[in-house]
Amino acid sequence: YKKSLFFKINFSLEKIYKSIEIEWVMNFQFYIEKLSELDKCKEFQKAEPTAFPCSGFFIFDYDGKNDQQHIDFYLKDKNKMVSFKLESGELVPLEYMGTAAPSEIDLELDLDFDAVRELIEKRMVEEKAAKSMKKVIFSLQRKDNQHFLLGTVFFGVFGLVKTTICVEEMKIINFEKMNLMDLIKIKKKDD
């Protein structure tokens, strides 16, 4: 009986802690503060003073523990990109295929990922898609002086939604329901 009671109390505390942690890390500024505290980032900024932040990559895994946050920088003198993996503190070189420099993202951006989640969930109800998200993948980019979240939302086993959200307006620009099977082309074997 004592073990059972301890397990219930421990589980409840863990659940409370996890919900508090999720509330805290869903703000973009939290990730920017985490980035600015990295010694590797400070060293990088000294070594590459002309580099600027050009994109962000975020995975929110609501069922598992595979959350990831990356902030990418463009080195305009070298026409290269690097990414800071905030979950591990690693600095990783990226392959840049573009010919023009990407736009700089604003690190002072007011972006609340909880508000984005609510916006998507509301639209999913309107579109009669599933109600619970399993995993969300976002790419933060800037175009024409506006920031956009390009996202893929996974729900259920095979369901997904591709979406584009204008961050400044907090408005969904594009919302497309899909089924994972729609993306798989089945070729028939020639007889």
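Q: Is Ile 165 buried or exposed?

A: Keep in mind that the model is predicted. A residue counts as buried when its relative accessible area is under 20%. Ile 165 has 0% relative accessibility, so Ile 165 counts as buried. Ile 165 is found in strand β7.

Q: Which residues is Ile 165 in contact with, leaving aside its neighbours within four places in sequence?

A: The list includes Val 116, Leu 119 and Ile 120, and also His 147, Phe 148 and Leu 149. Met 170, Lys 171, Ile 172 and Ile 173 are in contact with Ile 165 as well. Take Ile 120 as an example of reading sequence against space. Ile 120 and Ile 165 are 45 residues apart along the chain, and their C-alpha atoms are separated by 9.2 Å.

Q: How many helices and strands are there in the chain?

A: There are five helices and eight strands. To follow their order, start at the N terminus: the elements run α-α-α-β-β-β-β-α-β-β-β-β-α.

Q: What share of the residues of the chain count as buried?

A: The chain has 191 residues, and 35% of them count as buried.

Q: Among contacts between residues at least 6 apart in sequence, what share join residues at least 24 apart?

A: The share is 46% in this chain.

Q: How many salt bridges does a search of the whole structure find?

A: To read one, look for a side-chain nitrogen of Lys or Arg within 4 Å of a carboxyl oxygen of Asp or Glu. The search finds four salt bridges in the whole structure. One of them joins Lys 134 and Asp 63, with the closest N and O atoms 3.6 Å apart. This pair links distant parts of the chain, since the two residues are 71 residues apart. Lys 134 is in the loop between α4 (113–126) and β5 (135–143), while Asp 63 is in the loop between β1 (52–61) and β2 (68–75).

Q: Why does Asp 63 count as exposed?

A: Exposed means a relative accessible area over 50%, and partly exposed lies between that and the buried cut-off. Asp 63 has a relative accessible area of 56%, so Asp 63 is exposed. Lys 134, with 30%, is partly exposed.

Q: Which residue forms a salt bridge with Arg 117?

A: The partner is Glu 121, and the closest N and O atoms are 3.1 Å apart. Both residues lie in helix α4, four residues apart, which is about one turn of the helix. Arg 117 has a relative accessible area of 25% and is partly exposed. Glu 121 also counts as partly exposed, at 24%.

Q: What is the relative accessibility of Glu 127?

A: Glu 127 is at 31% relative accessibility, so Glu 127 counts as partly exposed. Glu 127 forms a salt bridge with Arg 123, where the closest N and O atoms are 3.2 Å apart. Arg 123 is at 23% and counts as partly exposed too.

Q: Which residues gather in a patch of negative charge on the surface?

A: For a patch of this kind, look for residues with over 30% relative accessible area and no salt bridge. Here the patch consists of Glu 104, Asp 106, Glu 108, Glu 168 and Glu 169. Glu 168 has a relative accessible area of 40%, so Glu 168 is partly exposed. Glu 168 is found in the loop between β7 (159–166) and β8 (171–179).

Key. Residues are numbered from 1 along each chain as its sequence is written. This is a predicted model: local features need pLDDT of at least 70, side-chain atom pairs count only at pLDDT 80 or more; totals for chains, interfaces and linings use all residues. Side-chain values use heavy atoms; hydrogens and water are left out. Patches are made of residues with over 30% relative accessible area and no salt bridge: like charges are joined within 9 Å, nonpolar side chains (Val, Leu, Ile, Met, Phe, Trp, Tyr) within 5 Å. Accessible areas come from the Shrake-Rupley method with a 1.4 Å probe; for residues, only the protein chains shown count as cover. Lys and Arg count as positive and Asp and Glu as negative; His and the chain ends are not counted. The place of a charge is taken as NZ of Lys, CZ of Arg, CG of Asp or CD of Glu. Buried means under 20% relative accessible area, exposed over 50%, partly exposed in between (1.4 Å probe, protein chains only). Contact means heavy atoms within 4.5 Å.
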